[in-house]
Amino acid sequence: MCRLLAYLGPAVTLEELLFGPPHSLLRQCWEPRSQNSGVVNADGFGVGWYDHSRRPEPARYRSTLPMWADRSFASMAGLVSSTAVLAAVRSATPPLPTEESATPPFTAGPWLFAHNGAVTGFRDGAGSRLRRLLSERREAGIEGSSDSEVLFALTLDRLDEGATPTEALTSVVATVSSAACGSLNLLLTDGQSIWGTACGDSLVVRSTPDSVVVASEPFDDEPGWAAVTDGSVVSAGPGRVDCRPR
């Protein structure tokens with residue numbers, strides 16, 4: 001399981017976005033409010049961000065350390081700013097390993113992707129069935145052994161076939177649900193828009209005229225946060241949120 005956060009809006013430093021709020025993603029490492037009691041998200045973290053003036057592909061930083069223990073990231077977070085960020089803190093689902101290749105966000109071309117949840121029975125046949133559905137190209141791009149990477153590869157295949165991001169995520173949730181079950185909260189961004197699914201876990205959104213945040217849970221107690229109904233797919237950008245049943 002993970003806690004996820006995607007942001008689009010005016011340029012903000014990673015420190016302001018991930019460390020600054022009173023219930024920041026950093027704090028959600030040890031004190032999540034919308035996760036099962038006792039869960040600690042200490043099995044690594046990752047952050048991806050964009051600078052579209054330089055290139056369409058995002059930069060990414062991942063670590064198997066808890067976010068609070070990575071002093072190198074803390075030292076740079078106040079100097080890196082972006083208008084588009086996707087970040088996650090991870091609690092590995094046994095028996096998945098704690099390793100960098102399993103740590104979100106995942107990236108390919110202009111895309112960043114993260115998954116909060118788990119595919120039930122992934123190690124007991126479901127993973128093999130899902131891998132057999134992948135194109136050779138996307139299967140070859142999988143670096144590790146996590147269910148999340150397979151979900152991303154399935155999403156990329158749908159995008160390669162011409163599906164919209166909403167269609168791609170909806171199709172992946174339907175495909176996985178027919179082959180297995182589990183919680184499938186997915187987030188996808190190209191740095192211009194955010195797409196997500198609420199499937200088995202909490203998802204919230206807050207939009208203003210110039211920014212939007214889609215996250216596993218609010219990072220403060222300010223007004224404006226709205227829960228995304230389970231079984232929905234959301235498409236969001238600054239000043240706009242479209243939420244509909246999958």
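I started with Ser-146, which sits in the loop between helix 5 (136-140) and helix 6 (147-160). Helices here are DSSP runs of H or I with at least four residues, strands are runs of E with at least two, and both are numbered from the N terminus. Before going on, I noted that this is a predicted model, where local features need pLDDT of at least 70, side-chain atom pairs count only at pLDDT 80 or more, and totals for chains, interfaces and linings use all residues. Residues are numbered from 1 along each chain as its sequence is written, and side-chain values use heavy atoms, with hydrogens and water left out.

Is Ser-146 buried or exposed? Ser-146 is buried, at a relative accessible area of 2%. Buried means under 20%, exposed means over 50%, and partly exposed is in between (1.4 Å probe, protein chains only). I also found a polar atom of the Ser-146 side chain 3.3 Å from the backbone nitrogen of Glu-149.

Next I looked at strand 8 (residues 194-198), where five of the five residues are buried. Ile-194, Gly-196 and Ala-198 point one way, Trp-195 and Thr-197 the other.

Which strands pair with strand 8? Strand 7 (residues 182-189) runs antiparallel to strand 8, with three bridges joining them. Pairing takes at least two DSSP bridges between two strands. Across that pairing, I saw Leu-188 opposite Trp-195. The hairpin of strand 7 and strand 8 has four residues between the strands, and Gly-191 there has a positive phi near 85°. Strand 12 (residues 232-237) is also antiparallel to strand 8, over five bridges. I checked Ile-194 too: its bridge partner in strand 12 is Ala-236.

A disulfide is a covalent bond between the sulfur atoms of two cysteines. The cut-off for calling one is a pair of cysteine sulfurs within 2.5 Å. I got zero for this structure. Cys-199 counts as buried at 10% relative accessibility, whereas Cys-243 is partly exposed at 39%.

Last, I looked up Trp-68, in the loop between strand 3 (59-63) and helix 3 (71-77). Trp-68 is partly exposed, with a relative accessible area of 43%.

Note on methods
Polar contact = N/O pair within 3.5 Å; in protein donor to acceptor, adjacent residues only side chain to side chain.
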